[in-house]
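Open the model in your viewer and keep the selection tool at hand. The stops below concern aromatic rings and the charges beside them.

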Amino acid sequence: HYIDSTGEPSFVRHLVATAHNRAKQRGLIFLPAFGYDYVPGHLAGAAALSAAGPLATRVAIGYFIAPGRKFRRSQGTNASLFAAALDPGLFWRDGRLVEDFGATRWRSFSVGKLTLDAVSIPSSEHLWLPGVYPQLTDVEAYLGWFGNGSRWMSRLSRMNAPLLRVSWISRMLKSLAPAPKSEGDGPSDEELLNSGAHVVALAYDRSGKELARADLMGLDGYNYTAKMLACAAQAIADGVVSAAGALGPLQALGYQSLVKANHES
């Protein structure tokens, strides 16, 4: 069996494409991106969609730093963000997976008493939520770490996307722009205590009417990730996961078990 915490969309996409069928045939369980990237979005999305009922055809999920808290990204997170910006990802739009670059779209969410901007990301919700909720025509996932810079990031990404789709230009940019190095540096225990996450999910019907909302609030992303990885390993050891192949959080644990794991974390 295999569990990881990777948030790089290109790796998750590669793993699903190359390993899912072989793992399924051999009865192996593969759980990629089983941490802050992107377990809380699956759970919040499921909560909103379950409350909304079968009329919900679109879900929008936003990842934010909890209002009033601070968040220092590790070197590894910065390196991952940089790499992901240069590769296309998969988005569930109009009932199918389409290829696009991250941050080409932005929108605002109400988070507590604030209205915060966020940019689109090709997270794993696009790959797995439609399998659990087949009525979904659109899945939207956004990252709200960049404040007012989200709108400028979106404009820049839309400008750069046509260039990055040209293979030789993409290769040239990757060779000329050195990725940030990671030597394991990250936030201290004190900084993590002052951090926290807030994930929002909104379910809509075909007309765009909001049907339900779910909010998931809790630990900083790093401690959350550690606890989710441990939870996944224990679930596999206990025989809770009955399916095989490359699975999303809901396919692996089911909604109620995932709720319990988040409460315990």
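Is F30 buried or exposed? At 15% relative accessibility, F30 counts as buried, where buried means under 20% relative accessible area, exposed over 50% and partly exposed in between (1.4 Å probe, protein chains only). This is a predicted model, in which local features need pLDDT of at least 70, side-chain atom pairs count only at pLDDT 80 or more, and totals for chains, interfaces and linings use all residues. Residues are numbered from 1 along each chain as its sequence is written, and side-chain values use heavy atoms, with hydrogens and water left out.

Y2 is partly exposed, at 28% relative accessibility.

The structure holds 8 aromatic pairs. Rings of Phe, Tyr and Trp (its six-membered ring) pair if their centres lie within 6.5 Å; planes under 30 degrees apart count as stacked, over 60 as edge-to-face and the rest as tilted. Y2 and F30 make a tilted pair, 5.4 Å centre to centre with 50° between the planes. Y2 is in strand β1 (residues 2–3) and F30 in strand β2 (residues 29–31), so this pair ties together parts 28 residues apart in sequence. Strands (E, at least two residues) and helices (H or I, at least four) are DSSP runs, numbered from the N terminus.

Now select Y38 and Y63. Both are buried. Their ring centres are 6.0 Å apart and their planes at 75°, so the pair is edge-to-face.

Last, select R58, which lies over the face of Y204, 4.0 Å from the ring centre. A charge sits over a ring if NZ of Lys or CZ of Arg is within 6 Å of the ring centre and within 35 degrees of the ring normal.
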